[in-house]
Amino acid sequence: MTALIWSALYRIELVFMVSFILSASVYAGGAITAGRQQELRNLLIQDCGSCHGLKMKGGLGPALLPSALRNKPAEMIKATILDGRPGTAMPAWRNLISPTEAQWLASLLLQGETQ
Amino acid sequence: MNGLRYCFLALFLFQVTAHSRGTGDMGVLIERGSGSVQIIETSGNTSLGRVEGLGDLSHASVVYSRDERFAYVFGRDGGLTKVDILNAEITARTLQSGNSIGGAISQDGRLVAVSNYKPGGVKVFNADTLELVADVPASFNGGDLRSKVIGLVDAPDQKFVFALWDAGEIWVLDMADWAQPKIEKYRNIGRNPYDALITPDGRYYIAGLFGEDGMALLDLWNPSAGVKRILPDYGKGEQKLPVYKMPHLEGWAVAGDLAFVPAVGHHEVLVINMRTWQEAGRIKVHGQPIFVMARPDGRQVWVNFALPDNDTIQIIDTQSLSIVKQLKPGKGVLHMEFEPRGEEVWLSVRDEDRVEVYDTQTFKRKAFMPATKPSGIFFTARAHRIGL
């Protein structure tokens, strides 16, 4: 009986570990190479920063600090990056940024890892 | 006692050394990565020093006092900093808003104005002390809303002119009487003016429009004629490309009767006949132009581009309206500044952390120096030009 419980616990732990590793890999950029991550970070700070501020406190575009994005799901941020916001100065970045990369950038913004 | 005497002597000598040069060949380059500026000189193309602690310098710009000794640096975070470029030190600094986008110095050099995004408006300061002289909120919609302000320039007769991004208006602020600023408003100039310029004679103020095609023109010699739309058709029927970076109009490119401006969302430089204000041509270029700047003699126009083409510079010959040279200085060419008589031009290459100097006749690179994520480059000769 104890062995069963242990084995069940072990499985649960395994599931947790796997899901943790999976979520961590999404967050860490997964398929995005280290070199590309560096490029994307630079793009986020310097080029997105041209309108949103180098410190993401806003400019012509709105602030992108975690506090400003609190109620915005990652999917929505990703979609905004990829397809822009028609009627505003926010362009669609789809030609320069892949969906996986946009997802990763969204997670950087939500975590405030942009400095 | 002797020690004290030496101290004074040393101090005296330091003062003499520090001041024993003119500033006409000097300038400032923005290092947006580190919130600092480098002070440079263009006779030997060297760096003279660095001033730190200027805050968020994304999109920072600079105007100069008329004695060309003080640089007023406008930061993104609302910081306005007065830098003594001879002594490489900050002499005054104020955080005057939450978010700002550049400024201007008045005709008489006694006022410095800043255009703000948040809270939207213009603040005017005593150029000597940076004390607030006037606060002009960019209110619209019956006073309910405040607009971001762009394209702030100085104009003759102690005026400042600027445009309201959200409201689509141009305002002329008359500061002849400090105690009673006067504002003239021009409404319905077009959607989302993104930047503006004033012609070198201080007569025409032109705002580029992001929200629709064309530009808005105000003749300051005949203000009662109101704002006129020019180039209404340049993008008609063509799919606009995603605009990854707003073009700039501040580097007004004039050659004879022709003016050269970036087309928004197109791989084109537009040519305008300044006598008729009609389109005089379009030049196909490598990418979406950001700065379109004429060499001071007007013989060449240099163009840099938005992502993903921001590693390239193209040079247009203004007689043939053709591209005569293409350079690839490196990734992130953000800004260009010509030396006062145009024999050399400085380029900031942001992603290479480098500033480069080119000979404008041979197009050969003559010098380069390290800089931390350099952006704008501003030479003191701007002190004596209207609108810069």
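**Chain contact and backbone details**

A: Seven residue pairs are in polar contact between chain A and chain B, counting pairs with both at pLDDT 80 or more. Keep in mind that this is a predicted model.

Q: What classes of residue does the side of chain A that touches chain B have?
A: That side has nine nonpolar, ten polar and four charged residues.

Q: And how many residues does the contact take from each chain?
A: Chain A gives 23 residues and chain B gives 24 residues.

Q: What area is buried between chain A and chain B?
A: About 1900 Å². Carbon and sulfur atoms give 53% of that area.

Q: Which residues in chain A lose the most area to chain B?
A: A:Gln46, A:Leu54 and A:Leu60. Together they make up 29% of what the chain A side buries.

Q: How many salt bridges between chain A and chain B?
A: The count is one.

Q: Which side chains meet in a salt bridge there?
A: A:Asp47 and B:Arg350. The N to O distance is 3.1 Å.

Q: How many salt bridges over all chains?
A: A search of the whole structure gives 25. One within chain A links A:Arg36 and A:Glu39. Their closest N and O atoms are 2.8 Å apart.

Q: Why are A:Arg36 and A:Glu39 separated by about one helical turn?
A: Because they are three residues apart in helix H2 of chain A, which covers residues 34–52.

Q: Switching to strands. What is the order of the open sheet with S22 in chain B?
A: The order is S22-S23-S24-S25, four strands with antiparallel pairing. The edge strands are S22 (253–255) and S25 (278–284) of chain B, and each pairs on one side only. Neighbouring strands in this sheet are turned by 25 degrees against each other on average, ignoring direction.

Q: How many bridges join S22(B) to S23?
A: Three, with S23 of chain B covering residues 258–262. The two strands run antiparallel. B:Val254 has B:Ala259 in S23(B) as its bridge partner.

Q: How many join S24 to S25(B)?
A: Six bridges, again in an antiparallel pair. S24 of chain B spans residues 268–273. B:Leu270 stands opposite B:Arg282 in S25(B).

Q: What does B:Trp277 do in that hairpin?
A: B:Trp277 takes a positive phi near 60 degrees. The hairpin of S24(B) and S25(B) has four residues between the strands.

Q: Which residue takes a positive phi in the hairpin of S2(B) and S3(B)?
A: B:Asn45, with phi near 55 degrees. That hairpin has four residues between its strands. Five bridges join S2 (residues 36–41) to S3 (residues 46–51) of chain B, and the strands run antiparallel. In S3(B), B:Val51 is the bridge partner of B:Val37.

Q: Now the sheet with S30 in chain B. What is its order?
A: S30-S31-S32-S33, an open sheet of four strands with antiparallel pairing. Its edge strands are S30 (333–338) and S33 (365–370) of chain B, each pairing on one side only. The twist from one strand to the next averages 20 degrees.

Q: How many bridges join S31 to S32?
A: Six. S31 of chain B covers residues 344–349, S32 covers residues 354–359, and they run antiparallel. B:Glu344 has B:Asp359 in S32(B) as its bridge partner.

Q: Last topic, the peptide bonds. What is omega for the bond from B:Lys118 to B:Pro119?
A: Near -5 degrees, a cis bond. B:Pro119 lies in the loop between S9 (111–118) and S10 (121–126) of chain B.

Q: And what kind of peptide bond joins B:Leu307 and B:Pro308, cis or trans?
A: Cis, with omega about -5 degrees. B:Pro308 is in the loop between S27 (300–305) and S28 (313–317) of chain B.

Q: What is phi of B:Leu130?
A: Near 65 degrees, a positive value in a residue other than glycine.

Q: Where is B:Leu130?
A: In the loop between S10 and S11 (132–137) of chain B.

Conventions:
Residues numbered from 1 in each chain as written. Chains lettered and ligands numbered in written order. Predicted model: local features only at pLDDT ≥ 70, side-chain atom pairs only at ≥ 80, totals over all residues. Heavy atoms only, no water. Pairing = 2+ DSSP bridges. Axes fitted to C-alpha atoms, helices over the stretch in contact; angles between N-to-C directions. Contact = heavy atoms within 4.5 Å. Buried area = accessible area lost by both parts, 1.4 Å probe. Salt bridge = Lys/Arg side-chain N within 4 Å of Asp/Glu carboxyl O. Polar contact = N/O pair within 3.5 Å; in protein donor to acceptor, adjacent residues only side chain to side chain. Nonpolar A, V, L, I, M, F, W, Y, C, P; charged D, E, K, R; others polar.
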